[in-house]
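Me: Could you take a close look at one part of this for me, the place where the two chains meet? I'd like the cut-offs along with the numbers.

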Amino acid sequence: MIKLLVSLVNLIDSYLGIKALILNVVTEIDSFFGWRVLKSIYRATIEQDRWSLYLQGIVNTLLIAVVAAFIGVFVGVLLSMIVFLNKKTGKLKPLAWIANTYITIIRGTPVVLQLMILYFVVFASWDNGILIGAITFGINSSAYVAEIIRAGFESVDDGQREAGRSLGLNTWQTMFHIIIPQALKNSLPPLFNEFITLVKETAIVGYVGIMDLGKIPGLIQSRTFEYLPPLIIAAILYLVVVMILTLILRVIEKKFAKSDRNGGKK
Amino acid sequence: MAEINKNEQPILSVRGLKKVFGSNVVLKDISTDIYKGEKVVVVGASGSGKSTFLRCLNCLEDPDGGQIIFDEVDIADRKVNINVHRQNMGMVFQQFNLFNNKTVLKNIMLAPYIIYKKRKKKAYKAEVKADEKALKEAILAGDREKASQITERIEKRPKFNYKAECRQRALELLRRIGLEDKAKVYPSTLSGGQKQRVAIVRALAMNPKVMLFDEPTSALDPEMVGEVLNLIKEVADEGMTMVIVTHEMGFAREVGTRVIFMDEGVIAEEGTPAEIFDNPQNPRTKQFLNAVL
């Protein structure tokens with residue numbers, strides 16, 4: 001996909017010659033002021049289509065983060081429901097014990113080690129690094145999400161559950177229609193914080209050689225021997241991704257705020 | 001007010017009810033019968049176990065001993081599907097407990113809709129099937145008149161829409177308490193009195209046989225107590241069986257047909273409001289009434 005984009009851009013450029021034009025302008029300005037800045041940036045981005053590396057990096061980072069977020073939320077909600085229901089009814093003791101142990105172990109060990117264990121041992125026979133990274137961060141994130149949602153469950157007044165049960169709804173109906181929507185709403189801000197952390201945290205996958213956005217600067221540095229430009233560019237790209245994500249999450253949060261006293265208006 | 005017939009089966013029969021929290025025995029051996037149409041008012045000092053007693057009646061607190069016989073079933077038995085019985089017992093809480101994530105209208109229609117949807121759909125389908133069968137038979141028998149009758153009935157039958165039915169009923173209930181215009185708002189924008197009135201009609205929407213009130217006015221501003229008590233009184237006058245835990249002695253005297261005074265987990269004294277309020281026998285009752293009246 002990205003290779004196709006690169007050849008398309010090069011094809012267009014072979015008619016228009018924009019790349020050469022930019023190089024000329026950049027060299028002129030630099031030599032006029034006695035700089036090397038613009039040339040460095042040129043070498044870190046346009047030369048040899050290096051922009052496509054960043055693009056690939058962003059795509060991989062987002063792939064890992066999104067898949068991990070889905071796994072994390074799914075497993076996390078499940079874990080927190082087990083822990084919460086056990087606390088309220090005392091009927092799920094073995095399951096709750098497993099859930100609590102899982103959360104303790106995952107939260108108590110560095111994600112780098114979890115990644116290496118999964119990458120080099122458990123999934124050693126797989127060659128899809130991005131999927132392994134997504135699974136690792138999904139597992140890691142699920143423990144944090146579980147704690148966040150559990151806090152959300154506990155912030156819902158017990159009277160809500162009692163009111164549901166007193167009307168004759170069963171445990172599951174009460175959970176699904178009354179408790180879970182309120183718990184999710186209450187845990188949205190910390191949950192979104194977790195998503196944003198996840199996007200940046202996935203840079204750790206570079207540790208086992210997966211080509212995410214955090215790994216790209218090193219790759220370019222080893223060709224151009226200029227260290228700052230690729231780092232700054234990658235940092236800006238992370239920032240942009242996180243800012244877009246924040247905007248999207250704000251919109252979602254606002255949708256959920258309609259039951260607030262002021263209808264979610266500021 | 002409807003006559004109370006004590007020769008009938010009691011609607012709710014409590015036998016030797018016990019409840020323990022840790023080492024704290026809250027209810028010791030409580031027995032009483034509640035008959036159809038009775039309005040039982042439970043009074044007593046805080047910590048006397050009156051709220052726990054009420055919450056045990058619909059098993060929000062699981063009893064640790066004794067029986068609660070409702071609809072001829074011992075609902076204190078944990079093997080019983082308590083949800084079915086709770087559908088026939090409305091409960092109103094001190095803290096209103098309206099569902100914060102639902103609009104006022106949805107609060108009222110939620111439980112009937114979820115609980116009866118499947119049953120109603122089944123009944124509707126059975127009806128349709130029966131008509132189809134009858135039509136076939138009529139045609140085979142050559143009975144034109146009957147066939148055309150059935151056809152007409154089939155054509156006139158509205159589409160299955162139980163949700164609309166629930167909404168209609170919820171709106172009627174809201175109209176009754178004069179909060180029709182609040183149907184689409186969330187509970188967070190209502191006043192305490194409005195919330196409690198909505199909570200009462202939410203319980204009524206299930207057409208319960210008994211209503212339990214757990215200090216329905218204790219969390220209200222003084223000027224809102226009246227509107228809530230008036231609604232409870234209205235429901236009482238329609239013949240609803242009620243158990244009310246309250247600190248409103250005037251209301252207890254006015255609405256109650258029987259007053260239970262609880263002290264340290266037992267029924268210390270019970271009788272008509274006149275007996276209890278004007279001529280208490282138990283020294284603890286005297287002491288309590290002196291303090292609150």
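Reply: The contact (heavy atoms within 4.5 Å) draws on 21 residues of chain A and 26 residues of chain B. This is a predicted model, so to speak of local features takes pLDDT of at least 70 and side-chain atom pairs count only at pLDDT 80 or more, while totals for chains, interfaces and linings use all residues. Side-chain values use heavy atoms, without hydrogens and water; residues are numbered from 1 along each chain as its sequence is written, with chains lettered from A in the order in which they are written.

Putting chain A and chain B together buries about 2100 Å², 54% of it from carbon and sulfur atoms; that is accessible area (1.4 Å probe) lost on being put together, summed over both parts. On the chain A side, A:E162, A:S166 and A:L167 lose the most, together 29% of what that side buries.

A:E162 turns up again in a salt bridge with B:R55, at 2.6 Å, N to O. The rule (a side-chain nitrogen of Lys or Arg within 4 Å of a carboxyl oxygen of Asp or Glu) finds one such bridge across this interface.

As for where chain A's side comes from, α8 (158-166) and α9 (171-201) each supply at least two residues, and α8(A) gives the largest share, seven residues. Helices here are DSSP runs (H or I, at least four residues), numbered from the N terminus.

How far to trust chain A? Its mean pLDDT (the predictor's confidence in each residue, from 0 to 100) is 91, with 98% of residues at 70 or more.

Note on methods: Buried area = accessible area lost by both parts, 1.4 Å probe.
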